[in-house]
Amino acid sequence: MGDIKRFLKMDLGYPLRNFLVANDMSSISKFMIDCLHAVQKASLDPGHIGIYFGFGVLLYFVFLSSKNPGMVRNSAAFAVFMGTVYGILNEIFQSLLPYRTASVEDAVSNLIGLLLAQIFVILFVLALKSVLNRRKKVEAPAD
């Protein structure tokens, strides 16, 4: 098994699945595993998915730090939209270059990376809020 596959499966995949199951979120775990199987069957590019995953996380935080309250509330949606627009434009520009080809599979891979990034960020924020709420309850003085 390659280093990247091992990292995704053993170092990231199983711990994430175990965390979701332990916190009564096994339906999310099943959804994510089903998505990964669909990616494999569709012959999508994992490199594009990984790059746009990172891009999606960065876009989320860019929109989250906006001064526009609408962008802050809808950071995930704006990140997916703007990242998808960028990915499609990138594929169009590639079709104009010699020795480069554009493909629908790459654009779909980009979109999947963006969507997975938003799911990850939202789950991370929810988990962080849960930990902080538990900590507040423990530290709250008894009346």
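A nonpolar surface patch is formed by Phe 81, Met 82, Val 85, Ile 88, Leu 89, Ile 92, Phe 93 and Leu 96, which together have about 760 Å² of accessible area. Patches consist of residues with over 30% relative accessible area and no salt bridge, like charges being joined within 9 Å and nonpolar side chains (Val, Leu, Ile, Met, Phe, Trp, Tyr) within 5 Å. A salt bridge is a side-chain nitrogen of Lys or Arg within 4 Å of a carboxyl oxygen of Asp or Glu. Accessible areas were computed by the Shrake-Rupley method with a 1.4 Å probe, and for residues only the protein chains shown count as cover.

The model is predicted, so that local features need pLDDT of at least 70 and side-chain atom pairs count only at pLDDT 80 or more, whereas totals for chains, interfaces and linings use all residues. Residues are numbered from 1 along each chain as its sequence is written, and side-chain values use heavy atoms, with hydrogens and water left out.

The protein chain contains 6 helices and 0 strands, in the order α-α-α-α-α-α from the N terminus. Helices (H or I, at least four residues) and strands (E, at least two) are DSSP runs, numbered from the N terminus. Of its 143 residues, 23% are buried (buried: under 20% relative accessible area; exposed: over 50%; partly exposed: in between; 1.4 Å probe, protein chains only). The chain exposes about 10,400 Å², of which carbon and sulfur atoms supply 68%. Among contacts (heavy atoms within 4.5 Å) between residues at least 6 apart in sequence, 61% join residues at least 24 apart.

Helix α5 has 21 residues, which should span 30 Å at 1.5 Å a residue, and its end C-alpha atoms are 30 Å apart, in agreement. The expected span is 1.5 Å times one less than the number of residues in the helix. The buried residues of α5 are Ser 75, Ala 76, Ala 79, Val 80, Gly 83, Gly 87, Glu 91 and Gln 94. Seen down the helix axis, the buried residues of α5 fall within an arc of 125°, so they line one face; the arc is that of the directions from the axis to the C-beta atoms. These buried residues pack against α3, α4 (69-73) and α6.

Three residues of α5 were examined individually. Ala 76, in helix α5, is buried at 19% relative accessibility. Not counting residues up to four places away in sequence, Ala 76 touches Tyr 60, Gln 118 and Ile 122. The C-alpha atoms of Ala 76 and Phe 61 are 9.0 Å apart, with a sequence separation of 15 residues. Ile 92, also located in α5, is partly exposed, with a relative accessible area of 44%. Gln 94 in α5 (residues 75-95) is buried at 8% relative accessibility. Apart from neighbours within four places in sequence, Gln 94 is in contact with Arg 100 and Thr 101.

Tyr 99 lies in the loop between α5 and α6 (104-139). Although not a glycine, Tyr 99 has a positive phi of about 65°. Tyr 99 is exposed, at 83% relative accessibility.

Helix α3 (residues 46-64) comprises 19 residues and reaches 27 Å from its first C-alpha to its last, close to the expected 27 Å. Its buried residues are His 48, Ile 49, Tyr 52, Gly 56, Val 57, Leu 59, Tyr 60 and Phe 63. Viewed down the axis of α3, these buried residues fall within an arc of 165° and so line one face of the helix. The face turned away from the buried side carries the exposed residues Ile 51 and Leu 58.
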